[in-house]
Amino acid sequence: MIEFRIDRKSGIPTYVQLALQVRHALRRGDLAVGDKLPTAKDVVSTLAINPNTVLKAYKELEHDGLVEGRPGLGTFVVGSLAKSGMAEKAALAHELDAWVGHGANAGLARSDLEALVAAALDREFPEPEGQ
């Protein structure tokens, strides 16, 4: 089951953070069709946020066809964002964890590592001209 985290300093609305975390978990394959999301009550008690915030995130995901609320049962994943290349996820995650650890041990800050990753992604997936 997904465990939500909120960055209150990010400036990103809480419901957007929740929805993004579900989308990321779906892309990584950490959530699959049939999995149950935490109840709004559980998320509220864990994160100390308004229940309407959780419901808004779940409604957005439902609108996008990714989850479905079932009265009396909860909210379940009904769609996937996983791509076929994600089968190599475990190996890639292990390499990435090692790389992040190496960078941290070298004294780089999170923001330094994020900038390196962003630059590598920009090189691999350049924006088409005119966009």
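Colleague: By class, how many nonpolar, polar and charged residues does the lining of the largest pocket have?

Modeller: This is a predicted model, in which local features need pLDDT of at least 70 and side-chain atom pairs count only at 80 or more, while totals for chains, interfaces and linings use all residues. Residues are numbered from 1 along each chain as its sequence is written, and side-chain values use heavy atoms, without hydrogens or water. A pocket is an open set of points on a 1 Å grid over the protein atoms alone where a 1.4 Å probe fits, with protein on both sides within 12 Å along at least five of seven lines; lining residues have an atom within 4 Å of a point. With Ala, Val, Leu, Ile, Met, Phe, Trp, Tyr, Cys and Pro as nonpolar, Asp, Glu, Lys and Arg as charged, and the others, Gly among them, as polar, the lining of the largest pocket has 11 nonpolar, no polar and 7 charged residues.

Colleague: What volume does the largest pocket have?

Modeller: Volume is the space filled by probe spheres set on the points, which are joined across faces, edges and corners. For the largest pocket, the volume is about 800 Å³.

Colleague: Which residues lie closest to the centre of the largest pocket?

Modeller: The lining of the largest pocket comprises 18 residues. Those closest to its centre are L96, W99, V100, V117 and L121.

Colleague: Which helix gives the largest share of the lining of the second largest pocket?

Modeller: The second largest pocket has a volume of about 570 Å³. Of its 14 lining residues, R5, Q21, H24, R28 and R110 are the closest to its centre. The largest share of this lining, 6 residues, comes from residues 14-28, helix α1.

Definitions and conventions:
Helices (H or I, at least four residues) and strands (E, at least two) are DSSP runs, numbered from the N terminus.
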